[in-house]
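Work through the exercises below with the model open. Try each task before reading its solution.

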Amino acid sequence: SNRLFVRDTSTLMLVHIFTNTDSISRVEWSRDSKYILCAAYKVGVVQVWDVDDPNWICKIREGPAGLCYSRWSPDGRHVLNTNEFNVRISVWGLADSPAGVVASLRAPKFCDRAYDFSND
């Protein structure tokens, strides 16, 4: 489905319904639970929703390079997207308006486990 339902965990009452571009391949909360990342790998689009402000949306299109994996950085303000055929990992910053690529890592070895984070 292309709709994401957000419910209150204590009452199960519906809080928000977010409509995405295409069927959702991956959903991930930011660490502070402010944002929800919804990746549609089939069309190469990631949409980020703000739970506190349902009118705010960030739509990231990876274009012809496609998309095979998407996840949050530990700070919850950057999205890391790995392109199909492991062309690159794009780091998108959400703090600035409009959002944009702040770094690019070329030719990762794996799609979903080419990087990790540490506390130091």
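**Exercise 1. A four-strand sheet**

Which order do the four strands of the open sheet that holds S3 have, and in which sense do they pair?

Solution. This is a predicted model: local features need pLDDT of at least 70, side-chain atom pairs count only at pLDDT 80 or more, and totals for chains, interfaces and linings use all residues. Residues are numbered from 1 along each chain as its sequence is written, and side-chain values use heavy atoms, with hydrogens and water left out.

Step 1. Recall the general rule: strands of a sheet pair through backbone hydrogen bonds, either parallel or antiparallel. Strands here are DSSP runs (E, at least two residues), numbered from the N terminus. Two of them pair if DSSP finds at least two bridges between them.

Step 2. Read off the order. It is S3-S4-S5-S6, and the pairing is antiparallel.

Step 3. Find the edges. S3 and strand S6 (57-61) each have a single partner strand, so one side of each has no neighbour in the sheet.

Step 4. Neighbouring strands are turned by 15 degrees against each other on average, direction ignored. Axes are lines fitted to C-alpha atoms, for helices over the stretch in contact, and angles run from 0 to 180 degrees between N-to-C directions.

**Exercise 2. Aromatic pairs**

How many aromatic pairs does the structure hold?

Solution. 

Step 1. Apply the cut-offs. Rings of Phe, Tyr and Trp (its six-membered ring) pair if their centres lie within 6.5 Å; planes under 30 degrees apart count as stacked, over 60 as edge-to-face and the rest as tilted.

Step 2. Count. There are three aromatic pairs. One of them is Phe18 with Trp49, which is stacked, at 4.6 Å centre to centre and 25 degrees between the planes.

Step 3. Phe18 is in strand S2 (residues 14-19) and Trp49 in strand S5 (residues 45-50), 31 residues apart. Both Phe18 and Trp49 are buried.

Step 4. Note the cluster. Tyr35, Trp56 and Trp72 form one aromatic cluster.

**Exercise 3. Salt bridges**

Solution. 

Step 1. Use the rule: a side-chain nitrogen of Lys or Arg within 4 Å of a carboxyl oxygen of Asp or Glu. The structure holds five salt bridges.

Step 2. Arg26 meets Glu28 at 2.9 Å, N to O. Arg26 is partly exposed at 23% relative accessibility. Glu28 is buried at 18%.

Step 3. Arg77 meets Asp32, with the closest N and O atoms 2.6 Å apart. Arg77 sits in the loop between S7 and strand S8 (78-82), Asp32 in the loop between S3 and S4, 45 residues apart. Arg77 is partly exposed at 24%. Asp32 is partly exposed at 41%.

Step 4. Lys34 meets Asp50 at 3.1 Å, N to O. Lys34 lies in the loop between S3 and S4 and Asp50 in strand S5, so the pair ties together parts that are 16 residues apart in sequence. Lys34 is partly exposed at 23%. Asp50 is buried at 6%. Lys34, Asp50 and Asp52 are linked in a network of salt bridges.

Notes: Buried < 20%, exposed > 50% of the residue type's maximum accessible area, 1.4 Å probe, protein only.
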